[in-house]
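My notes follow in the order I looked things up.

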Amino acid sequence: MSTSAPASVRLGTTTGRAVVAAAVLGSGMTLLDGTVVNVALKTIGEDLDASLAQLQWVTNGYLLSLASLILLGGSLGDRFGRRRVFVLGTWWFALASLLCGLAPNPEVLIAARVLQGVGGALLTPGSLAMIQGAFVSEDRPKAIGAWSGLGGIAAAIGPFIGGVLIDYASWRWIFLVNLPLAVVTVVIAHRWVPETRDPHASRHFDVPGALLVVAALGGTTYALIEWGGRLAPWAAVVALLTGAAFLLVEHRTPEPMLRLGIFRDRTFSAANAMTLLVYAALGAIMFFLTLQLQTVGGYGALAAGLATVPVTVCMLFLAAKGGELAARIGPRVPMTLGPVVMAAGTVLLLRVDADVVYWTDVLPGITVFGLGLALMVAPLTATVLAAAPDEDTGIASGINNAVARAGSLLAVAALPMAVGLAGDDYRDPARFDTAYGSAMLACALLLVVGGLVSWIAIPGRIRTTPA
């Protein structure tokens, strides 16, 4: 298919199935890592003799590069070809996964996770962009639905596969399993996926903006994780200076990576503020809960991974219903109630302790949490896209994606320090149990504040014709 030809792929054809398969396999790799790395943290820490700060970096190194570069990755695909950049990202992610699997110490693993995030930033936007660029308009919603549903299944089975690999083989296999997946993905992409690109895409890439946002987020993350260390204050200064420079560059650059003007819309800004708060809580809850189940509750990796499956089940079967509800009554109520219900589930998870019983102490809280998340997600996405002009829907989605990952990044960096954890405390059941309670209450507060932001600033109805 010519890069300048109109979209012509139909869903029921071999090519259509192959495009969806490649997109699902590619994004599935990133989803798999996202759901199993937290489960593996305790095992990784014991095997590599890592400190809590190093385990935070194992999680945050990936989120840092992904959140910083995902907008740039999307624009590269539009300019040079979505399939080409998707394949490049897949190979990059696979090679970084190989380095993760072979890492002899925490430092190499952290560096490899940063490289994984770069691959994810190239791969993630391309998985959906290939579908949008290839399918005829009438088949596009069904194709996106298939991609979303199958991706959800990948997320659901991730904890099971990861837990089995960790308990019965090695934590290294949660990364090494990406290699055969990448090979299959690339073969399908090269053989069947047509190349598409945006003929109007800019030839200018905001490299200074990308580097400055990496420095700003990196400096902030370092300062939070390493607070009390000799270099932490300097990292905070670097973060402030580069953050200010980023805003200045984006304001003055003719074609910036982040169009600051899009934030003039109150609804768009409020939805992203709410995203930052809610996904900060989500990232921290999953980080603390999986460690609590293993360190304090005595769970193995498989059991800890399966403990959170109800969240994915709720998303698979109920997220669409949340979108339908918002279409009927407007986004304000579900975007307010969703985080509040999540906060209630978080409070219920305070019952997880040394005498934890899954059916009474974990399942009720994690299910309520999942119900709140399912109620919120689709209305949030619809609100973000509706608040942006038609020509900016792609950048609006990318911004919201980056904000969500930045929220998780900052929360995982800040909360352990805030609740008094450091060094090898994640191995001490008594100390970690005390910190866990404080952390979960802090997350519940973040969620309630997120709900309040929605109630105050999100409109009762979504605008159907963006300005």
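**Ile225.** I started with Ile225, which lies in helix H8. Helices here are DSSP runs (H or I, at least four residues), numbered from the N terminus. I'm working on a predicted model, where local features need pLDDT of at least 70 and side-chain atom pairs count only at pLDDT 80 or more, while totals for chains, interfaces and linings use all residues. Residues are numbered from 1 along each chain as its sequence is written, and side-chain values use heavy atoms, with hydrogens and water left out.

Is Ile225 buried or exposed? I get a relative accessible area of 10%, so Ile225 is buried. My cut-offs: buried is under 20% relative accessible area, exposed is over 50%, and partly exposed is in between (1.4 Å probe, protein chains only).

Next I listed what Ile225 touches, not counting residues up to four places away in sequence: Ala53, Gln56, Trp57, Asn60 and Ala413. Contact means heavy atoms within 4.5 Å.

**H8 against H9.** I stayed with H8 (residues 207–225) and fitted it against H9 (residues 232–252): the axes come within 7 Å and cross at roughly 150 degrees. The axes are lines fitted to C-alpha atoms, for helices over the stretch in contact, and angles run from 0 to 180 degrees between N-to-C directions. H8 and H9 are therefore roughly antiparallel to each other. I use that label for angles over 145 degrees; under 35 is roughly parallel, 65 to 115 roughly perpendicular, and the rest oblique.

I noted the crossing of H8 and H9 as left-handed. That means the near helix is turned anticlockwise from the far one by less than a right angle; clockwise would be right-handed.

Who meets whom? On the H8 side I found, among them, Gly209, Leu212, Ala216, Gly219 and Ala223; on the H9 side, including Ala235, Ala239, Gly243, Phe246 and Glu250. By class, the H8 contact with H9 has 14 nonpolar, 5 polar and 1 charged residues. For this I count Ala, Val, Leu, Ile, Met, Phe, Trp, Tyr, Cys and Pro as nonpolar, Asp, Glu, Lys and Arg as charged, and the others, Gly among them, as polar.

**Glu250.** I followed up on Glu250, whose place is in helix H9. At 3% relative accessibility, Glu250 counts as buried. Leaving aside neighbours within four places in sequence, I find Glu250 in contact with Asp206, Gly209, Pro256, Met257, Leu258 and Leu260.

**Salt bridges.** How many salt bridges are there? I count 8, taking a side-chain nitrogen of Lys or Arg within 4 Å of a carboxyl oxygen of Asp or Glu.

I looked up Asp33 and Arg113, whose side chains meet at 3.9 Å, N to O. This one links distant parts of the chain: Asp33 is in helix H1 (residues 14–48) and Arg113 in helix H4 (residues 106–134), 80 residues apart. Both Asp33 and Arg113 are buried.

Then Asp425 and Arg431, which pair at 3.5 Å, N to O. Asp425 is buried at 14% relative accessible area, whereas Arg431 is partly exposed at 44%.

Arg82 and Asp78 form another salt bridge, at 3.1 Å, N to O. I have Arg82 as buried at 14% and Asp78 as partly exposed at 24%.

**H2 and its partners.** Asp78 and Arg82 turned up again where H2 meets H3. H2 (residues 52–80) and H3 (residues 82–102) pack at about 150 degrees with axes 8 Å apart, and are therefore roughly antiparallel. I sorted the residues of this contact into 5 nonpolar, 2 polar and 3 charged.

H2 and H4 pack at about 25 degrees, axes 6 Å apart. That makes H2 roughly parallel to H4, and I logged their crossing as right-handed. This contact divides into 15 nonpolar, 10 polar and 2 charged residues.

**Asp49.** Most residues other than glycine have a negative phi. I placed Asp49 in the loop between H1 and H2, and at 56% relative accessibility Asp49 counts as exposed.

Technical notes. Helix = DSSP H or I, 4+ residues; strand = E, 2+ residues; numbered from the N terminus.
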